[in-house]
Amino acid sequence: MRTFSKALTGAFLCLSFSCANAQNSPQTVKGQEAIRLNQLGFYPNASKIAVVVGENKGGKFFLKSADKAKTVYTGQLSEVKPAELSKRPTRVADFSDFSTPGTYVLEIPEVGRSYTFEIKPDVHKGVAAASIKGFYYQRTAIDLPEKYAGKWHRPAGHPDTKVLVHPSAASAQRPAGTVISSPLGWYDAGDYNKYIVNSGITMGTMLSAYEDFPAFYKTQNLNIPESNNTVPDLLDEVMWNLRWMQTMQDPNDGGVYHKLTNPSFDGMVMPNKATNPRYVVQKSTAAALDFAAVMAQASRVYKNFPKEFPGLADSCLTAAVRAWEWAQKNPKVLYEQEAINKSFDPDISTGTYGDRDVSDEFIWAAAELYATTKQDKYYTAVSIFPDANMPLPSWPQVRLLGYYTLLRHKDNLSPAAQKDLPELKKRLLQLADDMVTGANQGAYRTVMGRVAQDYIWGSSSVAANQGITLVQAYLQTGDKKYLQAALSNLDYLLGRNAVGYSFVTGYGDKATMNPHHRPSIADGIKEPVPGLLSGGTNGQANKQDKCEGYTATSPDEMYLDVDCSYASNEIAINWNAPLVYLAGAVEALQQKAGFAARSGK
Ligand code: 9MR
Ligand code: 9MR
């Protein structure tokens, strides 16, 4: 009740005289900057919304041909509404009724004109492909030639064929200082290390995209070195990291090293110039379980390509089972970097991915092993509903990845799991309904970003993962309202948000230009490596990276497109992966959803 009346007061202030909050705000938004929309555009028959930020008199808006010669649609701006968090005045221009393909601008009298955008089927085809190609640019240990990498071509970095066993990871068979080979894989993020936990959710999300939309991925061409083989490019790209993950299992006991890393972060140099020694560090339960889940899922997926990958499905499953068994014997080995540094040298100061609770990792690994083997013993090894929560996936929280898998394979489950299907579905739909409820009343009309808690480190992945939940709800019900809501979050990522950026490098007139990404910083090329998703707005970013230049006071506006802002503007594989899923799903489903149908509505 209190919040409600506060919001009303804000609206009243904004209407009667200059809006108090907007006046205090650091940015004065005008022209293009004030018109927030998906900068790529819209499907012909999907919803088309732009949000106009800042004070204006309201009234009519005009949709014009790109040359501004012709007005093709006239609409009425909505009443002013204070944005949920900043209280900045906003109005909505809704031109969903207009469905003729073409290139357009939106003109708002006294405000200005929007960026040019398109209305067409396949409008996200480019970004769906680029978000996977982004992983190609993250490949370690291989030259990226101009043929595939364009102007971002670069020599290979980090061969990782001579990696040291850190004292924290020493065992009888592999004492400290043992040299092992652990090549391939992707760089995690803006840094050059490789972390199993973060690879876990990333790989799970990408393999799920393939499992849910195989026909779509079979037609996609990413122009990567493997594009001409008979395997979908998505699976070729995933293979680059799968082969690395396999090397992170100790063949002697089945345990999995937590990460492969430098002792401290490399400087802002190109990958081939970063040649400090690298280590595998302590094995952990989280790493073993995430590894087991990925290997079990990979076994299932690559089983369909026996000629291309002979023996792979079997070796993945063996690896999964061994890691699972290790975790059963070692259920509470957390990764505690500070403690490790007290006992061993050299000290390690890179990313920790130090999950404190591995119960959800047990659920995910159990679900994947069960879906692949159909053996009840995996399913019954865990409590599938430990509580009433449905936590959105993130690197330390993977329970829902297991739930999605069980629902995906619902026609193929034994009675042990079948009895839980109604509850699983009920929970999924409850979560999706909570997301849908109120989304159309929010200032930006997106699922993402109506509450401050959405704006965490890597908030772009919150938007994308909400989108995945909604796509899952659609797949279970066929109800298009879920897909429409999922699309609203893709609109968020591509510009309809409180900072007006497209968070995908290379996609949109005002897209992230200066991500915290070592190659993009060091390569001397103005444009950043394309297809990478900035972590995005983070209410705590100013305190976390202490980068200079933050002026925002509201959590939904705490974003700096400068490379020192690693808490709001780094890129990372676990953020790109749900973008891969969401953009791919929306493209794959556009006809079924009626987004792209040419006639009728
Ligand atoms: O570059 C690092 C980035 O990849 C990490 O996400 C981030 C948080 O762990 O740390 C960055 O490294 C910074 C370090 O933490 C503090 N000194 C400056 C480093 C580079 O900006
Ligand atoms: O995504 C991670 C975020 O949840 C944490 O709050 C943050 C600080 O520990 O670290 C993020 O992960 C970084 C990792 O530690 C190192 N590589 C870059 C990752 C993205 O910033």
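These legends accompany close-up views of the two ligand sites in a predicted model.

In this predicted model, local features need pLDDT of at least 70 and side-chain atom pairs count only at pLDDT 80 or more, while totals for chains, interfaces and linings use all residues. Residues are numbered from 1 along each chain as its sequence is written, chains are lettered from A and ligands numbered from 1 in the order in which they are written, and side-chain values use heavy atoms, with hydrogens and water left out.

**View 1. The shell of residues around ligand 2.** Here you can find Asp188, Ala189, Asp191, Tyr195, Gly351, Tyr353, Trp395, Trp457, Glu570 and Trp575 surrounding ligand 2; a residue is near a molecule if one of its heavy atoms lies within 4 Å of it. By class, this shell holds 6 nonpolar, 1 polar and 3 charged residues (Ala, Val, Leu, Ile, Met, Phe, Trp, Tyr, Cys and Pro count as nonpolar, Asp, Glu, Lys and Arg as charged, and the others, Gly among them, as polar). Ligand 2 lies between domain 1 (1-120 + 420-601) and domain 2 (125-386 + 396-403), because both give residues to its shell; the domain bounds come from an automatic or database domain assignment.

**View 2. Polar contacts of ligand 2.** A polar contact is a pair of N or O atoms within 3.5 Å. Look for Asp188, where a polar side-chain atom lies 3.0 Å from a nitrogen atom of ligand 2. On the side chain of Trp395, an N or O atom is 2.9 Å from an oxygen atom of the ligand, and for Trp457 the corresponding distance to a ligand oxygen atom is 3.1 Å. Taken alone, ligand 2 exposes 450 Å², of which the protein buries 76% (accessible areas come from the Shrake-Rupley method with a 1.4 Å probe).

**View 3. The shell of residues around ligand 1.** Around ligand 1 sit Asp191, Phe265, Met268, Trp457, His516, Arg518, Tyr566 and Glu570. This shell divides into 4 nonpolar, 1 polar and 3 charged residues. Domain 1 (1-120 + 420-601) and domain 2 (125-386 + 396-403) each supply at least three residues to it.

**View 4. Polar contacts of ligand 1.** An N or O atom in the side chain of Glu570 is 2.6 Å from an oxygen atom of ligand 1. Ligand 1 exposes 450 Å² when taken alone, and the protein buries 59% of that.

Terms used
Polar contact = N/O pair within 3.5 Å; in protein donor to acceptor, adjacent residues only side chain to side chain.
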